Amino acid sequence: MTILPYLVAAFLLLAGLAGAVISRDLIRTIVALSVAQSGTYVLLLGIGWRRGGSAPVFADVDPGTRTVDPIVQALCLTDVVVGATVLSLLLALAVKVHQSSGSRDPDALTELGG
Amino acid sequence: MTRQVRTGLLVVGLLGFGALLVAALLAAPPSGRESHPYGDAASQISVQRQNTPNVISSINFDQRGFDTLGEEFLLFASVLGAIVLLRPTPGDKQVEVSDAPEPLDAVRALGVLLLPVVVLVGFYVVATGHLSIGGGFQGGVILATGIHLLFLAGDYKALRRVRPLPLVDVDDVVGAFGYIVVGLVGVAMGGAFLQNTLPLGTFNTLFSAGTVDLLSVAIGIEVGSGMILLLGEFLEQALGSQSSASSSGAGT
Amino acid sequence: MVVTVAAIVVPLGAGAILTGIGRWIPRVLLDIGALAAALATTVLTLLLLLEVQDSPSSRVVTWLGNWTPTGPPGQGFSVGIVLAVDPLGAAMALLSAVLMTLVLVYSWHHFTVSGPAFHALMLLLLAGLVGFSVTGDLFSLFIFFELTSTTAYALTGYLTAQDQPSQGALTFGATTTVAGVFILTGISLLYARTDALGLAPIGRALAARPPDVLVVAAFVLVIGGLLVKSAVVPFHFWTADAEAVAPTPVCVMLSCSLLALASVAVARVYWTVFSGSLTPDTIRGPLIGIGVLTGLVGGVMSVLQHHLKRMLAFATVAHGGLFLVGVGAVAPAGLAGTTVDALGHAGVEGALFCLVGILLHRYASISEHVLHGKGRNLEITGGLVVLGGLGLAGLPPFGTGLGKTITEHAAGAHWLPVIGTTIGALTGSAVLRMWARVFLGVGRPAPEDQSSRHSEEPADRARETGGPHPGERLSATMLVPVILLLVGALVIGLVPALRNWAAHAGAVLMDRPGFAGEVLDGVAPAPLPVEHVEGWTVERVLIGLIAPALAVVVAVAAVRGVGRAMESRLAAPLRIVRGLHSGHVGDYIAWQIVGAALLGGIVVLTAL
Amino acid sequence: MTLLLAVVLVLVACSGAVVLATKSPLAQAVVLSVHGLVLTVAFAAFGAPDVALAQLGVGAAVVPLMVLLALAKTRSRMEPAGNTRPRLQEAGSEAADRDPTDPE
């Protein structure tokens, strides 16, 4: 159990990168990158997890309660939102590429070679 | 490179890179460990000094508020960039938007009924982010998705009506600039940039935690309007305009 | 203290305001507003540099939100974020602000835009660059890295009328997204080990125990991510694709500012975070090796291009390799070489990009083939191109030449001057050959590249500049920035105090215990020994003349067609090198993974 | 609690793999949404309700929707010429997620 989150994170990361490399469709490439990004979220939360810790919100619980690490959650939270907007920018670029070249297949886009 | 070469390169790279990554993760302290000194210190400060029950909000909008400033402008830049990229070029002709085929009445009714509820929840989540689960990021996302329930309900024209893009545009700027202004409050009151110099109020009440809530609202406005603009632009692209310059570019 | 924050917040705020009001104000007010913001940032970063110079420790430390650390000396701890400006950080911020001001002046006349997005994104890019140079926190370094990436590839894809910009911007965007994932994973690993996000506390915690595979992996991930921005083999592929299609002002910012900043960031992160664990000897070999390889690949590729922006982009890659050699010298003098070279290169390369932009403005083409002989009556532009080409080759007393010789001596290997001369000769010859063909019209027209062929149709390049303007008088707003950039590159090579200042700046950056003590405990560090770096000597000037001379010879040979025989003999290996630069997103990401694996393997061998 | 977490984490890995293995781009967008939902559950199980809330909106709704819309926009051009009239309608219905797996 103690290394399972790490292994899942590494799997998502590596598989996502691999998917981005072998993809034959720019939008699939971007989706694969988002899977790789989700690996970093799992890794962050896995690192900050504390066995038996509660959520770091002290609205209804005693201030002394043991919680999981709030720092990684703050990092992860901002990253979830920002990761999405970065992906949107990539998607916009993919739309634009398709608009002018008529294809989403990176193998068919050879204007920028050599 | 041919596909075979690329795949071969990938396999070699993944083997090496994966081995390094997994070895490093095995050498890391295991998940679930007891010691989290930074996190515990942040919790303590949040609850005991800053009157902020939600530690995440205290970190995002107080202790590490500068990161959030950067994140906010990252979002702002992405939205601006996506709009510029998706904006119709002179060759495109605008096509009058036709509604998608009639959805089921039940779906439409559900969407229309849910809309005010979701929007209300969004505002609530933004406003109480310093107290309980939520805050500007989450509330903003809820607001943006909530408004787009109308699209799922098939009423794109209605969506266009309730989504006054120029206003949202202004909100986007207000959210981004508001964060800086709140940050400057700290300077105006003789402290550092983004210093939480406002009265901290009573623990666990709405008007407490000083600038945390203000910054959270600024982020809520920014995230909400940014996401609405993004989704709006993608919707306009998919449904509204159609490229006529396409044929000239194709086949090159 | 206030100045540091203001230098980041002013361009951010101005970007937001321009976006808000830009739609209702005429273009000229937009230009003035953006220019005023860039000028204000220049003044602020200049003040910051002066403040840093005045400080006895050569650092200005600002705890944001006033979260000043507490705890006994040696164990200072804070939950907040720190901006820790050292001389090199302030200088890089100033460089970015100056370049931004100049390109905004340049784009006044050159660039046809509608709406405020271009100006706003440029200012946000500037804010990102300043923040990237001054932050003392690893996570906010990542945030500013992402801010520069996002704005940069949005700006790259700005000209959406044709397919190329989007494609170059997409490969750029995808590779930097992968780089972001790398860096974030590295930060996570470091957080798991040290429970800290600041450069200083992480460095302190890592120094307390011997290195292991986690430290190596974190090093590879964070540095590997940064190396994407400093365009180092095999992470460099995006550079030419992005710059081939980016608007000229954006090319200048990418080539001259971002690349140099990323190289300095590599040095900063290594010295403040990892140097207590991974000793300098472990990274010296890998960094110098990568730098040399990058220089050679960039130089060869530059000669092979006939698309002028791609040619200059590869010249940038080649010089970026030399920057990394300076970082890999792991000594103050090495960083001094990197700094001087980076500043000189910014002047020369920035001027060349702007000059190519003038051709683009006039003839709506940047293909060497199409432009053949077109520049016959552009004497001033042509003369400046020659000066730029010689400067790129490192002609004394250009700052590029001085930086190169300092770097070579600091790195120590006796064969390095040969490499440096080769890189200078290759990149310089490409520019001089282009000059001979375009401005003199000698020889046969250049062959066409796959990439330049596509930028020929008259309508194509018109997007950036609003159509060809063949008979127009050369506008002062376009020419003055070019001249200022070239003069700057000369001054940097001529002011003797600069190189000793740069060496001192390098020593400050490398002082990990002093940095941690000042940031975390508020203890002024022990004074550093005065650095002295040798500048131009007769011997160095003579050696420095070899590269420009060779560049002229090679350029003449190329124009006369002598090179063609050699090129055909070398055809197979050259075709392979060219073929690797395929413009394919998947290829580039695959190379990133392979590069990280190789770097990891080498550092594991040297460090563990 | 830890058992739940372990099960959810395995599910996360599986849903991620399914996203990558899905061939049809439209189906992939839907599976991506499922992956986002599974991640939401995992974040909640990690004791991170704040992150889970953001992920619910972003990962399960916004990103898949944008992918769908990008597909709708880019798909139209791949169809043979002369078929332009009905394609706006199609794009709309497709993006509206009525039956995303159906190619026509």
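**Close-up views of a predicted model**

View 1. C:Pro234 sits in the loop between α8 (213-229) and α9 (237-245) of chain C. Helices here (H or I, at least four residues) and strands (E, at least two) are DSSP runs, numbered from the N terminus. The model is predicted: local features need pLDDT of at least 70, side-chain atom pairs count only at pLDDT 80 or more, totals for chains, interfaces and linings use all residues, and side-chain values use heavy atoms, with hydrogens and water left out. Residues are numbered from 1 along each chain as its sequence is written, while chains are lettered from A and ligands numbered from 1 in the order in which they are written. The bond joining C:Val233 and C:Pro234 is cis, with omega about 0°. A cis peptide bond also runs from C:Pro396 to C:Pro397, and its omega is near 0°. C:Pro397 belongs to the loop between α14 and α15 (399-411) of chain C.

View 2. C:Ser58 is not a glycine, yet its phi is positive, near 60°. Its place is the loop between α2 (27-54) and β1 (60-63) of chain C. C:Ser58 is buried, at 7% relative accessibility. Buried means under 20% relative accessible area, exposed over 50%, and partly exposed in between (1.4 Å probe, protein chains only). C:Asn66, also no glycine, has a positive phi of about 60°. The loop between β1 and β2 (82-85) of chain C holds C:Asn66. With a relative accessible area of 42%, C:Asn66 is partly exposed.

**View 3. C:Gly389 in helix α14.** This glycine lies in α14 (residues 379-393) of chain C. C:Gly389 has a relative accessible area of 0%, so it is buried. Leaving out residues up to four places away in sequence, C:Gly389 touches C:Leu352, C:Gly428, C:Val431 and C:Leu432. Contact means heavy atoms within 4.5 Å.

**View 4. Helices α7 and α21 of chain C.** The axes of α7(C) (residues 199-207) and α21(C) (residues 512-521) come within 9 Å and cross at roughly 125°. Axes are lines fitted to C-alpha atoms, for helices over the stretch in contact; angles run from 0 to 180 degrees between N-to-C directions. The two helices are therefore oblique to each other. Angles under 35 degrees count as roughly parallel, over 145 as roughly antiparallel, 65 to 115 as roughly perpendicular, and the rest as oblique. The crossing of α7(C) and α21(C) is left-handed. That term applies if the near helix is turned anticlockwise from the far one by less than a right angle; clockwise is right-handed. Contact residues include C:Leu199 and C:Arg204 of α7(C), and C:Phe515 and C:Leu520 of α21(C).

**View 5. Helix α1 of chain A against helix α25 of chain C.** α1(A) (residues 4-22) and α25(C) (residues 585-607) pack at about 145°, with axes 7 Å apart. Their crossing is left-handed. A:Leu17, A:Ala20 and A:Val21 meet C:Gly586, C:Ile589, C:Ala590 and C:Ile593.

**View 6. Nonpolar cores.** A nonpolar core is a set of buried Ala, Val, Leu, Ile, Met, Phe, Trp, Tyr and Cys residues joined through side-chain atoms within 4.5 Å. The largest has 350 residues, and B:Phe66 and C:Phe274 have the most contacts inside it. Helix α3 (residues 70-101) of chain A gives the largest share, 20 residues. A second, separate core has 11 residues, among them C:Ile288 and C:Ala411.
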